[in-house]
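Biologist: Can you walk me through the charged pairs in this one? Show me the structure and we'll go from there.

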Amino acid sequence: MQNINHNIYQEHYPGNVLKTEHEDGIFKFYTENNVLLTVSVYTDTIIRLRYDTDGFPQSDFSYAICKHFKRKFDKAKMKEDELYYEVITSKVICRIGKKNLKITFLNKKEIVINEDEKGFHWETVPNFGDDIVQMSKRVMPGEHYYGLGDKPTQLNLRGKRLVLWGTDEYGFEKHRDPIYKNIPFYMGLQNNLGYGIFFDNTFRSYFDFASERKQVTSFWADGGEMNYYFIYGPELMSVSEQYTQLTGVPELPPLWSLGFHQCKWSYYPESQVKEITSKFREYEIPCDAIYLDIDYMDGFRCFTWDKEKFPNPKRMVAELKKQGFKTIVIIDPGIKVDKDYWVFKEALEKDYFCKRADGPLMKGKVWPGDCFFPDFTNPEVRAWWADLYKELIEEVGVKGVWNDMNEPALFEVPSKTFPNDVRHDYDGHPCSHRKAHNIYGMQMSRATYHGVKRFAYPDRPFIITRSTYSGGQRYSSGWTGDNIATWEHLWVANIQCQRMSVSGMSFIGSDIGGFTEHPTSELFVRWVQLGLFHPFFRIHSSGDHGDQEPWSFGEEAMLLIKKFIELRYQLLPYIYTTFWQYVNNYTPMLRPIAFIDQKDQHTLYREDEFMIGDAVLTAPVMEPNVQSRMLYLPKGNWYSFWDDTKVKGGTEIMVPAFLDEPPIFIKPGVVLPMYPIMQYVGEYDVEELILHAYFKSGKEESVLYEDKGDGYQYENGAFNLKKFILEGDKNQVQITQFIDGKYSPTYEIYEFIMHGVPYEVGAIIVDGNAINVDNEAQVLEHGRFSFSVPASFKEIILIKEVK
């Protein structure tokens, strides 16, 4: 592709403000150089800035912004000073310079949150008839930067210069840029003031976090508008939540999709698929999903089956279902050029393929050879693509779809993708591939989502994509791409999934064990230990490098892997609750510890440690031959998951990190729900829910969300939201339960397991009735004890024994 030399064009600036207009929280500033700045208040903490260099607004269209997001704010007024205007909300002041249109954001105490350096400027590129739009900001003392999606580099982006241009990077290395996803959203933190900037521009874009100039952060794009949203926290967690609310969340997934997935390039023929699935059940290693890569197709033709390898797909899928396996198939965007291929013929007849600027169809080589490519930016094409899933989903019984190669990727061309002159509909806003490239994968997964959702109904859909853009989380989960079986890539997977989560896309995971090359047994076990805490939990590999099933590394490794996959299934009610928090509260599922306690400067320099949800923290082991590791826990006390050892946070400590017991910590006061071990979701009805309650001197609140785990009955009230309040002191522990909802779970009993109670309990009172402690409470290891109560209880009081 032709890249733009940014050093040969003259910079232009807005100049003085000549006049202003404002109405209903929208403020317009017209300048002498024909720039129109529109400042729109979306909420009291989200302000949009849109610069038009022709003096009038262009068509306002975005794939990223969620249609359900509504502008809502307490107040929005404008104040004029001698040197500037101020747009004022109840939380933020946006100051606009009269002479240069430079922007300063301040909080209500008039402390600077973020301010322009050069501010908005642009360069006109005659070859493209478009502008390079640029923005530069001052770096504040001690400022840190986070976000930007799947970048395989340090969590703190300061000192980095990065590009957004979705690229197929097979076996990408640490720091490789760009790679698959395009998330133009970053967060800054300085002086405990957190903010975010979402640069909603789909052209090839760039972000420089004090790399070229140490006191300047800048972002720019090779076309389109300077159009960004400023989001004020001041907590980083709040910034991430607001961005996620702005760009949308997925629906609740089927519970089974949060279980374990097994994948390989490729499992075929049918006999090998059956052999793999049978071994899972033989070894009693839990698994919910089995994947079919491109070799299930007839000559890599999408929506077809190779009838020699898979003579009766419907029967096979049904038989796998009886064993508890859900079948997932891959679908790529490239449609083989073949006059006898029904998908090709339909698309050709209906004019659904992408075209070059002067008319010919866009042709490129991928797995089937010469291919044409649907224009997923055309709503009519998306509807057609959705219809194609009828046979796979409704008739064959496939439960999910995996979209790959959708950057879009091409073989045998240096650019690895379409030429710039390819034309797209862009939902009625025709454009070149320069504008559509970064959203192509998102729109493919959007079409797939609507097709799978329609034909899977009344069940919920499951989709996974390699490439996407901001807002793509509404349609699909994701994985981090074609990684490598190295310890360095284990570190990369940890960082990428944390970064994606705070960048709005929590349903994320990596290819456990590495896609290319072959891991040692130790690396494989350590990767499973990391992956069990990622929302998307899948082993995937290239068959060229050896087998990577749980039993492929000997019995000792298999038993460890089994242990950690079983732990994942025990944690499913907690992980499902954490997903519900993501969908309903927009809270990232994976939380870097800088987002847990940003006031503690030490957390800002930590990368390995993260939390999943409100209660569980882990620090994965990233090196071989390790039996202990240094880590930093946020301030407060923590329990070791394995033996209830109490650890004080707020300092760096050395902790055990044995291969069979990686560092996992639990927050005091939480009530942690767990299932009994099952081989797959729905194997049997859970008759007793296990609740692990961790003593705290003080008060802590926990939540548990539950519904059927599939279908849409929850939309009509068939769910429960349970709140547990644990309050402990030197004489007693009180646990109170509040239930909102009308779902009837399969269990009627809770088994409580108490952790860390610092005294012997002489009496347990449940809703005013005493339990016989000697007969009904069971003493466990590590000072724990258990007892059972009705799941409908309202109050439990554990009273210290008086001697």
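**Salt bridges**

Modeller: Start at the surface: Asp 340 and Lys 339 are both exposed. Keep in mind that this is a predicted model.

Biologist: How far apart are the closest N and O atoms of Asp 340 and Lys 339?

Modeller: They are 3.7 Å apart, and the two residues form a salt bridge.

Biologist: How many salt bridges does the count come to?

Modeller: The count is 49.

Biologist: Next, Arg 591. Which residue does Arg 591 form a salt bridge with?

Modeller: Asp 614, with 2.7 Å between the closest N and O atoms. The pair links distant parts of the chain, 23 residues apart. Arg 591 is in strand E32, and Asp 614 is in the loop between strands E33 and E34.

Biologist: Is Arg 591 buried or exposed?

Modeller: Arg 591 has a relative accessible area of 4%, so it is under the 20% cut-off and counts as buried. Asp 614 is at 35%, so it falls between 20% and 50% and counts as partly exposed.

Biologist: What about Arg 784? Which residue is its salt-bridge partner?

Modeller: Asp 644, with the closest N and O atoms 2.9 Å apart.

Biologist: Are Arg 784 and Asp 644 buried or exposed?

Modeller: Both are buried.

Biologist: Switching topic to networks. Which residues are linked in a network of salt bridges?

Modeller: Asp 168, Asp 404, Glu 407, Arg 466 and Asp 482.

Conventions: Residues are numbered from 1 along each chain as its sequence is written. This is a predicted model: local features need pLDDT of at least 70, side-chain atom pairs count only at pLDDT 80 or more; totals for chains, interfaces and linings use all residues. Side-chain values use heavy atoms; hydrogens and water are left out. A salt bridge is a side-chain nitrogen of Lys or Arg within 4 Å of a carboxyl oxygen of Asp or Glu. Buried means under 20% relative accessible area, exposed over 50%, partly exposed in between (1.4 Å probe, protein chains only). Helices (H or I, at least four residues) and strands (E, at least two) are DSSP runs, numbered from the N terminus.
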